[in-house]
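Me: I'd like to go through this one with you, a few questions at a time. Here it is.

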Amino acid sequence: MQPLRIIHSEAATAFGGQEHRIFKEMVAMRERGHHMEAVVQSRAQLVERLGDAGFTVHKVDMAGVGNYFKGIAAIKRILRAGNYDVLNTHSRRDTVIAAPAARLAGTPPLIVRTRHLASKVGSMWSYTWLPHRVTTVSDHVREYLITRGVPRERIATLYSPIVPPPPIEKSTLREELKLSDSDIVVGCVAVMRPAKGHRALIDAMLPLMRTRPNLHLVFVGSGSPTFERVQAYIAELGLQSHIHLMGTRRDVPNLLAGFDLFALATEQEASGTVYVEAQASGLPVVGTDVGGVSEMFKDGVSGFLVQLHDQPALTSALQRLIDDPELRRTMGEAGRHMIRDEGIFSPQRLAERTEAVYRKWLAERAA
């Protein structure tokens, strides 16, 4: 089959999880032989990231009313010159600019909108009228959009990928925190905001810490004012020597290798790829049954899934793994096998699935 010519659009200027997903998808699709380009705002971090990776990046400013019609005209010219097969938009702002540009240009034949978030959608026209088809990062998000009016046959789930890190011979975590090999470390990696449930995890750990002096909780991530509030709560409890705040780190695989298990009591999650990253490091996981979390690991096999705001159940799941090193080992190995050996969340699997979905929809559009 002929390689596809694909262009992605993104209005965000930061480089968070959504932008990282776009980057990994473009790399994986290029490795599969497809031609990939992007249109982003001139001050976006994706400009440098994608440019350094050898991609053609078109810079179009999209912020503000003044740039709306300018953006449509600019992207219309780009699309007519590029002979693309697919335009894939990602945020509301770039969708309401790039999709009308494609409609006016009469090309490309397939406009796709990707939904990365689990939050409620206000206006649905950027999912129903502007694009031809929609992709989501989890079945949970897919089913939600279907209830909001997206036809079931016009929407598909494409899980966000992770690139498993090389094995870490020895983590520096315990040396940094002056912990011994006999200490039990429960780790949590997440941006510090209320919906991530940091305080709920502390509360679930409290009864266990009272009777287990070798038990520690480590938070990796930052974000005001939640970081300061969690810090104050830890001080109020007098647990500064057992609950550790490490802030933002660029060596997360190194820190994961120092945990005994991973836990995140999130209240809202479109997918939850951090659970996948933890399993790739051989860790059993504990998570809340919200959003797409249940799709990220196998409950009872590679971790435990508990109901949201059920503190006794969260404490019980943590206790089972804290007190049973053999259970930690078997669940950790099951998760590692699912991620590293089966490759369910690999970039290669994403590229294969994305290509299949694009080609199917292109054929439907042609018919």
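Me: Is Phe69 buried or exposed?
Reply: Keep in mind that this is a predicted model. The cut-off for exposed is over 50% relative accessible area. Phe69 comes out at 61%, so Phe69 counts as exposed.

Me: And what kind of aromatic pair do Tyr68 and Phe69 make?
Reply: Their ring centres are 5.0 Å apart, with the planes at 80 degrees. Planes over 60 degrees apart count as edge-to-face. So the pair of Tyr68 and Phe69 is edge-to-face.

Me: Which elements do Phe262 and Tyr275 link?
Reply: These two form an aromatic pair, 5.8 Å centre to centre with 85 degrees between the planes. Both residues are buried. They sit 13 residues apart and join distant parts of the chain: strand β11 and helix α11.

Me: Which strands stand at the edges of the open sheet?
Reply: The sheet has 6 strands with parallel pairing, in the order β10-β9-β8-β11-β12-β13. An edge strand here has a single partner, so one side is left without a neighbour in the sheet.

Me: Which strands does helix α9 touch?
Reply: Helix α9, residues 226-237, packs on the sheet. Its direction makes about 155 degrees with that of β10. The strands it touches are β9 and β10.

Key: Residues are numbered from 1 along each chain as its sequence is written. This is a predicted model: local features need pLDDT of at least 70, side-chain atom pairs count only at pLDDT 80 or more; totals for chains, interfaces and linings use all residues. Side-chain values use heavy atoms; hydrogens and water are left out. Two strands pair if DSSP finds at least two bridges between them. Helices (H or I, at least four residues) and strands (E, at least two) are DSSP runs, numbered from the N terminus. Contact means heavy atoms within 4.5 Å. Axes are lines fitted to C-alpha atoms, for helices over the stretch in contact, and angles run from 0 to 180 degrees between N-to-C directions. Rings of Phe, Tyr and Trp (its six-membered ring) pair if their centres lie within 6.5 Å; planes under 30 degrees apart count as stacked, over 60 as edge-to-face and the rest as tilted. Buried means under 20% relative accessible area, exposed over 50%, partly exposed in between (1.4 Å probe, protein chains only).
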